[in-house]
Amino acid sequence: MATPPPAGELMDPQDAFAELSTLVVGETPLSQVLARVAQLAQECVPGAEEVSVTLLEGDRARSAAFTGSLAAALDERQYEGGFGPCIDAAQSGQVIRVDDTGAEEVYPDFAAVAARQGVRSSLSVGMPMPQRILGGINVYRFDEGVLDEDAEKTLQAFAAYAAVALANHSLYASSMALNGNLQVAMQSRAVIEQAKGVLVASLRCSPEEAFAHLAKQSQHTNRKLRDIATEIVERAGRG
């Protein structure tokens with residue numbers, strides 16, 4: 001993990017990008033990955049005072065990570081209404097700026113709520129996300145002045161690196177799930193072969209007939225073949 005910058009100084013974006021590229025080596029929970037994404041964005045994007053990460057899964061939107069409660073609250077107001085800068089950025093993959101919450105015409109409801117909370121400007125950038133999930137990063141600023149072009153360029157580059165990190169996490173999680181499923185499948189196959197051996201010996205039948213016997217029992221009792229096989233092997237072991 002990169003060393004945090006001294007108070008009042010921004011992290012070099014390249015250091016943040018380098019950390020993002022190694023965030024998901026291992027079994028880091030997605031919640032921790034996203035929390036670090038939000039924290040790094042806060043540390044390297046000029047003017048970022050609070051940051052949140054929006055994920056859209058089907059019709060459901062949620063703030064999967066945030067650096068402060070106000071960012072989460074502003075996001076939630078948008079989720080309740082079904083539209084707003086963070087949702088639109090996540091859905092479209094575009095950059096959405098609100099340079100002045102006191103004079104915003106495209107998102108007046110969001111801007112009014114944000115202004116009452118002291119937010120003067122916001123910047124939302126969509127992430128190119130894997131599979132069925134869409135996402136975006138939202139930056140909120142309280143001080144006067146807008147989140148400028150440097151902030152936008154940094155956040156766009158950051159979002160691209162963050163998307164790669166999340167894609168890697170998704171692939172890792174998928175591969176682990178596949179590996180787990182394969183292990184279960186191999187264990188099931190092994191116990192079925194053991195049960196066939198028990199039946200061949202006890203019924204004096206062929207392996208094919210033993211399997212047919214297992215299949216009939218499974219259908220007759222409406223139980224999984226693996227469970228029938230396990231029961232036969234355990235019973236044989238006790239006998």
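Ser 63 is buried, at a relative accessible area of 14%; buried means under 20% relative accessible area, exposed over 50% and partly exposed in between, with a 1.4 Å probe and protein chains only. The model is predicted, so local features need pLDDT of at least 70 and side-chain atom pairs pLDDT 80 or more, while totals for chains, interfaces and linings use all residues. Residues are numbered from 1 along each chain as its sequence is written, and side-chain values use heavy atoms, with hydrogens and water left out.

Ser 63 belongs to strand β2 (residues 60-66). Helices (H or I, at least four residues) and strands (E, at least two) are DSSP runs, numbered from the N terminus. The Ser 63 side chain makes a polar contact of 2.8 Å with the side chain of Asp 75. Such a contact is a pair of N or O atoms within 3.5 Å; within protein, one must be able to donate a hydrogen and the other to accept it, and residues adjacent in sequence count only if both atoms are side-chain atoms. Neighbours within four places in sequence aside, Ser 63 is in contact (heavy atoms within 4.5 Å) with Val 53, Ala 72, Asp 75, Glu 76 and Tyr 79.

Ser 122 is buried, with a relative accessible area of 2%. With neighbours within four places in sequence again left aside, the contacts of Ser 122 include Ile 96, Val 98, Phe 110 and Tyr 140.

The largest nonpolar core has 31 residues, of which Val 37, Met 127, Ile 137 and Phe 158 touch the most other members. A nonpolar core is a set of buried Ala, Val, Leu, Ile, Met, Phe, Trp, Tyr and Cys residues joined through side-chain atoms within 4.5 Å. Elements that each supply at least two residues of this core include α2 (30-44), β2, β4 and α6 (149-203). Another core, of twelve residues, lies apart from it, with Leu 70, Val 98, Ala 114 and Tyr 140 among them.

Arg 204 is not a glycine, yet has a positive phi of about 55°. Most residues other than glycine have a negative phi. Arg 204 counts as exposed, because its relative accessibility is 75%.
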